[in-house]
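Subject: A structure for you to look at

Hi,

Here is the structure I promised to pass on to you. Please open it and keep it beside this note as you read.

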Amino acid sequence: RGVFFLEMLSMELKRAGAYVSRGLSFNSAEFQTVEVGLTPEQIGIYDDACRLWHEVRVQLTLAIEATNSKSRVMSQYWGSHQRFFRQLCVSFKVERVCDEAKQAMDDGCAIVIGLQTTGAAGMERRLNNGFGAGAAFLSSARECLIYFLDNNFPTVVQADDPKEKAARGGRAVVVPDHLHIPPSP
């Protein structure tokens, strides 16, 4: 399993002609880091997202106390929090990266853009569950928040006696529709 299996799979696919693997040479390659400033609209989106995550944390703390949860909910919260803001920051950079790439292509350069953590797996999961059908763009940052709320927000009272569990209502935090989170990169 693991890496060995993946290497065997790629060798088999390559042998069958279904997979081609080539290495890129770094000769004459240049690497450029460009700082992207935020627009006033992006600053507003970021500030709104900060307020929303603060409210989620407040409500989560209350829900943990009310349900007597002793799980790793806060660990899941902080992981989702980091993924959300990473996706949000990446989405803010997309327009500038596209402009830089177009300019480089106009200048006759070959470009390679590497995107890590695009949120594609989460987006696919969400689409497979029937959510977002018909939407032009989905935001992986927004989906990260919704996934956390739907799957980790405590809603069941944890009693010392397993027979004494009582169900509670749905999640206490609603993601406002007016919170404009940019689409996925």
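Predicted model: local features only at pLDDT ≥ 70, side-chain atom pairs only at ≥ 80, totals over all residues.

Let me begin with the core. The largest nonpolar core is made up of 20 residues. If you want a way in, look for Leu-60, Phe-84, Leu-88, Leu-145 and Phe-148, the residues with the most contacts inside this core. At least two core residues come from each of α2 (40–67), α3 (73–106) and α5 (140–152). Helix α2 gives the largest share, with eight residues. As general background, nonpolar side chains in soluble globular proteins tend to be buried together.

Next, the aromatic rings. Seven aromatic pairs were found in a search of the whole structure. One of them joins Trp-53 and Phe-84, with ring centres 5.4 Å apart and planes at 55 degrees, a tilted arrangement. This pair links distant parts of the chain, since Trp-53 sits in helix α2 and Phe-84 in helix α3, 31 residues apart. Both Trp-53 and Phe-84 are buried. Phe-84 also pairs with Phe-85, this time edge-to-face, at 5.0 Å centre to centre and 80 degrees between the planes. Phe-84 has a relative accessible area of 0%, while Phe-85, at 11%, counts as buried too. Taken together, Tyr-46, Trp-53, Tyr-77, Trp-78, Phe-84, Phe-85 and Phe-148 make one aromatic cluster.

How many salt bridges does the structure hold? There are two. In one, Arg-51 meets Asp-48, and their closest N and O atoms are 2.7 Å apart. These two residues are three apart in helix α2, so about one helical turn separates them. Arg-51 counts as exposed because its relative accessibility is 53%, whereas Asp-48, at 32%, is partly exposed. The other salt bridge brings together the side chains of Glu-100 and Arg-96, at 3.1 Å from N to O. Both lie in helix α3, four residues apart, which is about one turn of the helix. Glu-100 is partly exposed at 32%, and so is Arg-96 at 33%.

Last, have a look at the surface. Phe-5, Leu-6, Leu-9 and Leu-13 form a nonpolar patch there, with about 370 Å² of accessible area together. Among them, Leu-9 belongs to helix α1 (residues 3–15) and is partly exposed, at 39% relative accessibility.

Enjoy looking around!

Best wishes

Technical notes. Residues numbered from 1 in each chain as written. Heavy atoms only, no water. Core = buried A, V, L, I, M, F, W, Y, C linked by side-chain atoms within 4.5 Å. Buried < 20%, exposed > 50% of the residue type's maximum accessible area, 1.4 Å probe, protein only. Patch = residues over 30% accessible without salt bridge, like charges linked within 9 Å, V, L, I, M, F, W, Y side chains within 5 Å. Areas by Shrake-Rupley, 256 points an atom, 1.4 Å probe, with all protein chains shown as cover. Salt bridge = Lys/Arg side-chain N within 4 Å of Asp/Glu carboxyl O. Phe/Tyr/Trp six-rings, centres within 6.5 Å; stacked < 30°, edge-to-face > 60°.
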